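These are my notebook entries on one protein model. I set down what I looked up, in the order in which I looked.

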Amino acid sequence: RMTKVLGIVLPVGLMLASCSQSLEIGDQTEGTQGQLAFKLDSKTDFIVNTRALQESSYKNVDNYTVVVTDKDGTEKLNCKYSEVVSKMPLTLPIGGYSVKAYYGKESAASRDEFYVVGTEHGTIKANQKESVMVTCTPTCGRISVAFASDMDTYFSDYNVTFTGTEALGTNTIAWLKGETEPWYVKLKEDTAGESINFTITTTTKDEYLNGNKEQVTTKNGTFKLSRNKAYKMNINTSYNPSGTGNVDIEVTIDETTNDKYVDIEVPVEWL
């Protein structure tokens with residue numbers, strides 16, 4: 001965003017607001033302070049860029065905001081990492097401290113943003129230097145859907161809806177026919193991940209209906225999502241001209257961040 005200012009002189013304090021520092025070094029005496037140096041590492045393992053979002057920006061730690069607080073929770077530094085590098089090591093009062101780094105914005109589900117955060121706690125000792133690494137990871141998992149190229153042969157319309165995570169609650173997100181942008185879904189901080197429910201709705205073309213088969217059918221299932229992992233739902237067709245029902249769909253889940261193709265057991269039933 002570009003802001004144009006005409007004929008306005010900003011106070012110096014406002015001009016420096018992007019990097020606030022309150023270390024009160026002059027009030028410290030020898031033996032009551034130490035030093036803190038830290039580095040950031042972004043463990044954002046998503047591997048593709050989209051039209052809506054450049055995931056590479058999340059790997060650039062210079063984009064991250066860093067907040068340092070002391071043992072009393074008082075904010076001592078609030079800067080972009082690109083600005084704070086030149087200020088290290090920081091002089092802080094002895095005692096506990098916290099370093100938090102973050103980038104992006106957290107939503108229950110979004111196609112154009114997600115949130116990455118990391119926090120480290122420790123203790124500043126008198127006349128010593130404390131060095132720490134702050135590792136930042138996304139608070140979401142990524143979902144995409146790949147419809148087989150022949151879906152349009154058998155179905156006039158089709159889509160997938162998702163629900164069931166704690167953040168989504170009773171709300172749903174949808175992947176419509178022809179869409180390509182992935183969803184970033186907020187997940188609980190749980191190594192076991194969260195289950196997400198899906199419903200695939202298809203409208204079969206008249207020429208592929210057989211017997212008592214309904215024209216609009218739904219297929220339900222669930223699979224696990226974990227933070228900082230990407231999941232692709234592959235939806236393929238199955239056509240048997242001589243059988244009853246004729247057209248069916250098959251679902252597999254591809255965990256692309258593991259760089260391998262994985263078939264996950266998906267409980268599925270026709271309604």
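Entry 1. The model I am reading is a predicted one. With that cut-off in hand, I looked up which residues aspartate 70 touches. Leaving aside neighbours within four places in sequence, I found aspartate 70 in contact with Lys76, Gly96 and Tyr97.

Entry 2. I then asked where aspartate 70 is found. I placed aspartate 70 in the loop between β3 (65–69) and β4 (75–80).

Entry 3. Is aspartate 70 buried or exposed? I noted a relative accessible area of 11% for aspartate 70. Buried means under 20%, so aspartate 70 counts as buried.

Entry 4. I looked up the side chain of aspartate 70 as well. One of its polar atoms lies 2.9 Å from the backbone nitrogen of aspartate 72.

Entry 5. I turned to the cysteines. How many disulfides does the structure hold? I recorded zero. Cysteine 136 is buried, at a relative accessible area of 0%. Cysteine 140 is buried too, at 3%.

Entry 6. Last, I looked up the protein as a whole. I noted three helices and 18 strands. Of its 271 residues, 41% count as buried. Among contacts with a separation of 6 or more, 66% are accounted for by residues 24 or more positions apart.

Note on methods:
Residues numbered from 1 in each chain as written. Predicted model: local features only at pLDDT ≥ 70, side-chain atom pairs only at ≥ 80, totals over all residues. Heavy atoms only, no water. Helix = DSSP H or I, 4+ residues; strand = E, 2+ residues; numbered from the N terminus. Buried < 20%, exposed > 50% of the residue type's maximum accessible area, 1.4 Å probe, protein only. Contact = heavy atoms within 4.5 Å. Disulfide = S-S within 2.5 Å. Polar contact = N/O pair within 3.5 Å; in protein donor to acceptor, adjacent residues only side chain to side chain.
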